[in-house]
Amino acid sequence: MNLRKYLKVYKKFIHTSLASEFEYKTNILIDLITAILSLIGSIFLLSIFFHNNGYIGGWTFEQALIIQGIYTILNGITNTWFNPNLTEIVKHIREGTLDFVLLKPIDSQFFISFKKINPSGFLEILLGFFLLFFCIRINQINMNLSFLTLSLITISCSICILYSLWFFISTTTIWFVKTWNAIEVLRSFLYIGRFPLNSFSFSLRVFFSIIIPIAFITTIPSEVFLGLSQFWKILLEVIVAIVFLITSRRFWLFALKFYSSASS
Amino acid sequence: MISNLINRKIFTLLKVQYSNMLEYRVEIALWAISGIIPFFMLNIWTNNNLNESINISDILLSRYFLCAFFVRQFSVVWVVFSFEEDSLMGKVSPYLIQPLNPFFRYFAQHLAEQITRFPFALIIAFFFFIFNPESIWIPNLFILILSIVSTFLSFLIQFLMQSIVACLCFWTEKASSIERLLFIPTLFLSGLLAPVVSFPVYVKSWIYLTPFPYLIDFPANLLSGNETNISAGLTMQILWILLLFPLFKKIWSKGTKKYTAMGS
């Protein structure tokens, strides 16, 4: 592993994919409007919920906005990196171009996960940060060093879990060939991440913390923001993130053993 | 004679597309699963007693969201994504030569997919009733037929709207980003995530003039036995179709004149 080489390659990736994305300038503009409308829509939905009840799962409207902010950031990251790259795996396998990836003198998981970048997700990340700063003000959270490190750790763990989930599902393409719709299923489950975990019934809560750990992705970082999170929860999230990353890596290497290139 | 010919065309198209869709059973099953967001929303509504203030009982609300799931299953439209791919790949040219508007082909695809999807949607509904046995009900035949009609009309509205967007491919090549923009109001205003009755007054005052509440809220209310104005709903659906159809015809004829085949 040569970190310098990978950085250099990554710079090239960014350069080429930005160049090709800026071919469709109006597209980027439309995507920006979509991101803004989508955030307005989610806040509108939340306001309907809170219009009828002051608390949802023990969270007030101002507190639930933090979850919305974190969700928006993570969704932006998904749209910038995971979505354009990991949906490509399906194409690579169907058209047999995965052979070219495997032949390159570079790690195949790195190549597949970071080849492309979609600039329109950046605005979503920015919007999420704006919302978070706004929430920090209205919830009167004082920013100190331990808060900043803890929130940074939990959010990075969320990103790792999210990446692993996406990568895991995309890897199954090697057996099933067409998994676009499996990704749609994941996407609809991720929708849960917009709301506090406590607002769901017990069985759903168990499902979303043990089987698909979506609960970890947004609820724990938000609890850190409010200073509600216990230490063991943060530790658990770190462990889950590490386990997910390692398993997704193992799973990729395992799946590659079953890859027989197309039309050969 | 002419009507006989059209009948034969439609019948053949449907038969071909149905056997085509049967090839992708797993895909369609996964797609059906990805539509379960209404059930998550139902969970939030009933778990936090949000429905008390809008005077809808738990049972009626659970029926509403089940119907919303069904209506969504049978009104999902993806024509713009197919058309965009076909036009980017240059597949539209051979279709244009045929004495049949290519949109009939997509239309048949959608209908065939709905038929394939039906058993999976029934299985999901079956599981829903196992968990919520108290919400089982049998709508009377008249209401059932009316709601099937209105679901089909909702499908037609969405198909026309997306076909109009798809025709923009003749100008921009990538029209799917416009569709993603249009999807945001569809998602938040159609009643898929919250019944339109629960919306604040300042939204309710104008929303019934837009096509959105007639896409899911109206057919779902009709089928689930919630209060709704049947004649006004159906009239609005038909009015929107009458408005969108000439628009589609116009943009189609303009677009085909603009069209230049790729690689020629």
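Modeller: What follows is a set of questions and answers on the helices, the loops and the contact between the chains. This is a predicted model, in which local features need pLDDT of at least 70 and side-chain atom pairs count only at pLDDT 80 or more, while totals for chains, interfaces and linings use all residues. Residues are numbered from 1 along each chain as its sequence is written, and chains are lettered from A and ligands numbered from 1 in the order in which they are written.

Biologist: How far apart are the end C-alpha atoms of helix α6 of chain A?

Modeller: Helices here are DSSP runs (H or I, at least four residues), numbered from the N terminus, and α6 of chain A covers residues 120–138. The expected span is 1.5 Å times one less than the number of residues, so its 19 residues should span 27 Å. The separation in the model agrees with that, the end C-alpha atoms being apart by 28 Å.

Biologist: Which helices do the buried residues of α6(A) pack against?

Modeller: A residue is buried if 20 or more other C-beta atoms lie within 10 Å of its own, exposed if 12 or fewer, and partly exposed in between, with C-beta atoms placed from the backbone. Among the buried residues of α6(A) are A:L123, A:L127, A:L131 and A:C135. Contact is judged by such C-beta atoms lying within 7 Å, and the partners of the buried residues are, in chain A, α2 (25–52) and α3 (61–95).

Biologist: Is A:Q140 buried or exposed?

Modeller: A:Q140 is found in the loop between α6 and α7 (145–171) of chain A, and its phi is near 50 degrees, a positive value in a residue other than glycine. Because A:Q140 has 7 other C-beta atoms within 10 Å, it counts as exposed.

Biologist: And is B:L42 buried or exposed?

Modeller: B:L42 belongs to helix α3 (residues 37–47) of chain B, where it touches B:L61, B:S62 and B:F65, not counting residues up to four places away in sequence. Since B:L42 has 24 C-beta neighbours inside 10 Å, it counts as buried.

Biologist: At roughly what angle do the axes of α2(B) and α7(B) cross?

Modeller: Axes are lines fitted to C-alpha atoms, for helices over the stretch in contact, and angles run from 0 to 180 degrees between N-to-C directions. Residues of α2(B) including B:I28 and B:A32 meet residues of α7(B), among them B:F120 and B:I124. The axes of α2 (residues 25–33) and α7 (residues 102–131) of chain B come within 9 Å, and they cross at roughly 55 degrees.

Biologist: Which element of chain B gives the most residues to the side that touches chain A?

Modeller: In the contact between the chains, 30 residues of chain B meet 32 residues of chain A. The elements of chain B that give two or more residues to this side are α2, α3 and α10 (176–189). With seven residues, the one that gives the most is α10(B).

Biologist: How are α2(A) and α10(B) oriented to each other?

Modeller: The axes of α2(A) and α10(B) come within 9 Å and cross at roughly 10 degrees. Angles under 35 degrees count as roughly parallel, over 145 as roughly antiparallel, 65 to 115 as roughly perpendicular and the rest as oblique. The two helices, α2(A) and α10(B), are therefore roughly parallel.

Notes:
Two residues are in contact if their C-beta atoms, placed from the backbone, lie within 7 Å.
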